[in-house]
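Morning, everyone. Please have the viewer open, and keep the sequence beside it. We start with a term, then walk through the two chains.

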Amino acid sequence: MSKKLITISVNGKKEEKAVEPRTLLIHFLREELNLTGAHIGCETSHCGVCTVDIDGQSVKSCTHLAVQCDGSEVLTVEGLAHKGVLHAVQEGFYKEHGLQCGFCTPGMLMRAYRFLQENPNPTEDEIRHGMSGNLCRCTGYQNIIKAVQYAAKKLQEPVAA
Amino acid sequence: MIPPRFEYHAPKTVGEAVALLGQLGSEAKLLAGGHSLLPMMKLRFAQPEHLIDINRIPELKGIREEGGTVVIGAMTVENDLIRSPILQAKVPLLCEAAKLIADPQVRNRGTIGGDIAHGDPGNDHPALSIAIDASFVLEGPNGRRTVAAKGFFLGTYMTQLEENEVMCEIRVPAFAQGTGYAYEKLKRKTGDWATAGCAVVIRKDGDQVSHVRIALTNVAPTALHAEAAEAALLNKPFNAANVQDAVAAAIAICDPAEDLRGDIEYKTAMAGEMVKRALNKAWSLCA
């Protein structure tokens, strides 16, 4: 089976690789690019730990072929912090203790990042629905909701000059 | 889990996709959103030698109006149904129902056409399509044909879509002013398929029911069109006794499979409850 050459931007860096068509995006990120932030959980698109951003949309990378990303821009959790400063969603999960074991956190962060662009000023109910594609087995979700609320507030603060 | 090996094709037009289907025959599968097919491939329930990815065909996406008909490209994703101003105004049932399908990430990939063409009785769009009197435009080597949703679903994973055809459009008559609608779906958790679901579209003339469609999700090998239940209401007053007759008629055609969502008795009872809730909610929206 012939490999396909793909060009893909990951966290702003252009990558050109030949991939087997059956390679899933999650495996491409973890094994070809050594970006192990996105995790492998249920592998059937339920749990959300593999969530990344593709062309401005949250996608579960365990159910997406790398070859389908030819020409796309992908953002993973490794690309969230900027010059050593945590993104507001990362700061929110840290400050509000939005994790215990941390396994679901990369997916939670990437979904929260996109959700807050879709809905910058969400109600608690909207957060619960917006984050409903991500499972956490430790926290009971309460602190995750608080973390997203923290980030929403922080992202709305005027940026210091 | 990694899918079995396959050759990948990414046509740019429906014509190219149809030609590839003709050339590759039954060894090829169309890849739409992939959220049913890829998991099935990982589990080796499906092992196509060729995948024809139809995500890069622009003509298959988008929602437009043609006179009194809303035309939905088969590769339009669930989140675009929810956000569509045309659907919100003309077929709001699809916007409300799509919110109950899967989860936000999956709704970015899952398509209305894939949901219909897959023929899974657990999918929601088959019953919705029947309830809204949709028809499907299918393109094959001999051109296009249009088939009604009613009668399209033949059995589990079996539809009238031929192996050499691509589903292109879902065509829906715009709701008349004052149309009531509801989709009631009992599920164990976000992202699960329905334990039982019911789609209703209803119109009134005074206190009488002047139009009604009732269709059921995941309580038989295919989506069910509950025609006897409709007959229990049509041209009659909408009251508790007639609703109960409709519920009984809907229950009578249920043939669910026992699984972790419940046994046959439970699922059948829940189907009846979903019919009742959907009818009452839809009627309350009727003007």
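First, the term: two residues are in contact if their C-beta atoms, placed from the backbone, lie within 7 Å. Now use it on chain A. Take the contacts in chain A with a separation of 6 or more: residues 24 or more positions apart account for 60% of them.

Some ground rules. This is a predicted model, where local features need pLDDT of at least 70, side-chain atom pairs count only at pLDDT 80 or more, and totals for chains, interfaces and linings use all residues. Residues are numbered from 1 along each chain as its sequence is written, while chains are lettered from A and ligands numbered from 1 in the order in which they are written.

Chain A, overall. Helices (H or I, at least four residues) and strands (E, at least two) are DSSP runs, numbered from the N terminus. Chain A has five helices and five strands. Along the sequence, the pattern reads β-β-α-β-β-β-α-α-α-α.

How far does the C-alpha trace of chain A span along its principal axes? About 50 × 40 × 25 Å. Next, the radius of gyration, taken over C-alpha atoms; the globule rule is 2.2 Å times the number of residues to the power 0.38. For 161 residues, a compact globule would come out near 15 Å, and chain A, at 16 Å, agrees.

Burial next. A residue is buried if 20 or more other C-beta atoms lie within 10 Å of its own, exposed if 12 or fewer, and partly exposed in between; these C-beta atoms are placed from the backbone. In chain A, 47% of the 161 residues count as buried.

Look at helix H3 of chain A, residues 105-118. H3(A) has 14 residues. Its first and last C-alpha atoms are 20 Å apart, close to the 20 Å expected at 1.5 Å a residue. That expected span is 1.5 Å times one less than the number of residues. How many residues of H3(A) are buried? 12 of the 14, so H3(A) is largely enclosed by the rest of the structure. Among them are Met108(A), Arg111(A), Tyr113(A) and Phe115(A). The buried residues of H3(A) pack against strand S3 (51-54), strand S4 (57-60), H2, H4 and H5 of chain A.

On to H5(A), residues 142-156. This helix has 15 residues and reaches 22 Å, close to the 21 Å expected. Its buried residues include Asn143(A), Ile144(A) and Tyr150(A). Those buried residues pack against H2 (88-95), H3 and H4 (124-130) of chain A.

A reminder about helices. An α-helix has 3.6 residues a turn, so residues three or four places apart point the same way.

Now chain B and its sheets. Two strands pair if DSSP finds at least two bridges between them. One open sheet has five strands, in the order S4-S5-S10-S6-S7, with antiparallel pairing. Why are S4(B) and S7(B) left with one side without a neighbour in the sheet? Because each stands at an edge, with a single partner strand. Neighbouring strands are turned by 25° against each other on average, direction ignored.

Zoom in. S5(B), residues 69-73, and S10(B), residues 166-173, pair antiparallel over five bridges. Thr69(B) has Pro173(B) as its bridge partner in S10(B). S4(B) and S5(B) are joined by four bridges and run antiparallel. There, Glu65(B) has Val70(B) as its partner. Their hairpin has two residues between the strands, and Gly67(B) takes a positive phi near 60°.

The other open sheet in this tour has three strands, ordered S1-S3-S2 in chain B, with parallel pairing. S1(B) and S3(B) pair over three bridges. Tyr8(B) stands opposite Leu51(B) in S3(B).

Last, where the chains meet. The contact takes 24 residues from chain B and 24 residues from chain A. On the chain B side, S1 (7-9), H2 (37-42), S3 (50-53) and H6 (104-107) each supply at least two residues. By class, that side has 11 nonpolar, seven polar and six charged residues. Here Ala, Val, Leu, Ile, Met, Phe, Trp, Tyr, Cys and Pro count as nonpolar, Asp, Glu, Lys and Arg as charged, and the others, Gly among them, as polar.

Technical notes
Axes are lines fitted to C-alpha atoms, for helices over the stretch in contact, and angles run from 0 to 180 degrees between N-to-C directions.
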